[in-house]
Amino acid sequence: MAKKTVATLQTSSKRLTKAMKMVKSPKTGAYTFVESVMTPEEVNDWLAKQK
């Protein structure tokens, strides 16, 4: 399960996007949120990665 782009951040001339996804813990089975700030082109690759 993943949430797509949550917010778009502008810093100087570089566009950055903050993305979040839910990751299930193998030990407890609970879900945690992992978030990262990256360029918009990297978002789909980051969300597709299994963690």
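**Surface.** I began with the accessible surface of the protein chain, which comes to about 4,100 Å². Carbon and sulfur atoms hold 53% of that area. The areas come from the Shrake-Rupley method with a 1.4 Å probe, and for residues only the protein chains shown count as cover.

**Ground rules.** I noted that this is a predicted model, where local features need pLDDT of at least 70, side-chain atom pairs count only at pLDDT 80 or more, and totals for chains, interfaces and linings use all residues. Residues are numbered from 1 along each chain as its sequence is written, and side-chain values use heavy atoms, with hydrogens and water left out.

**Layout.** I found 1 helix and 3 strands in the protein chain, in the order β-β-β-α from the N terminus. Helices (H or I, at least four residues) and strands (E, at least two) are DSSP runs, numbered from the N terminus. Of the 51 residues in the protein chain, 22% are buried; buried means under 20% relative accessible area, exposed over 50%, and partly exposed in between (1.4 Å probe, protein chains only). I also looked at contacts (heavy atoms within 4.5 Å). Among those with a separation of 6 or more, 26% join residues 24 or more positions apart.

I turned next to β2 and β3, which pair in the antiparallel sense over 8 bridges. Two strands pair if DSSP finds at least two bridges between them. Lys24 has Tyr31 in β3 as its bridge partner. The hairpin has 6 residues between the strands, and Gly29 takes a positive phi near 85° there. Thr28 sits in the loop between β2 and β3 (31–38). Thr28 is exposed, with a relative accessible area of 64%. A polar atom of the Thr28 side chain lies 3.2 Å from the backbone nitrogen of Ala30, which I logged as a polar contact (a pair of N or O atoms within 3.5 Å; within protein, one must be able to donate a hydrogen and the other to accept it, and residues adjacent in sequence count only if both atoms are side-chain atoms).

**Lys21.** Lys21 is buried yet has no salt bridge, and the nearest side chain of opposite charge, Asp45, is 11 Å away. For charge, Lys and Arg count as positive and Asp and Glu as negative, while His and the chain ends are not counted.

**Salt bridge.** I counted 1 salt bridge, taken as a side-chain nitrogen of Lys or Arg within 4 Å of a carboxyl oxygen of Asp or Glu. The side chains of Lys18 and Glu35 meet in it, at 3.2 Å, N to O. Lys18 lies in strand β2 and Glu35 in strand β3, so the pair ties together parts 17 residues apart in sequence. Lys18 is partly exposed at 26% relative accessible area, and Glu35 is partly exposed at 46%.

**Ser36.** My last stop was Ser36 in strand β3, partly exposed at 24% relative accessible area. Leaving aside its neighbours within four places in sequence, Ser36 is in contact with Thr17, Lys18, Ala19 and Trp46. Ser36 and Thr17 are 19 residues apart in sequence and 8.3 Å apart in space, C-alpha to C-alpha.
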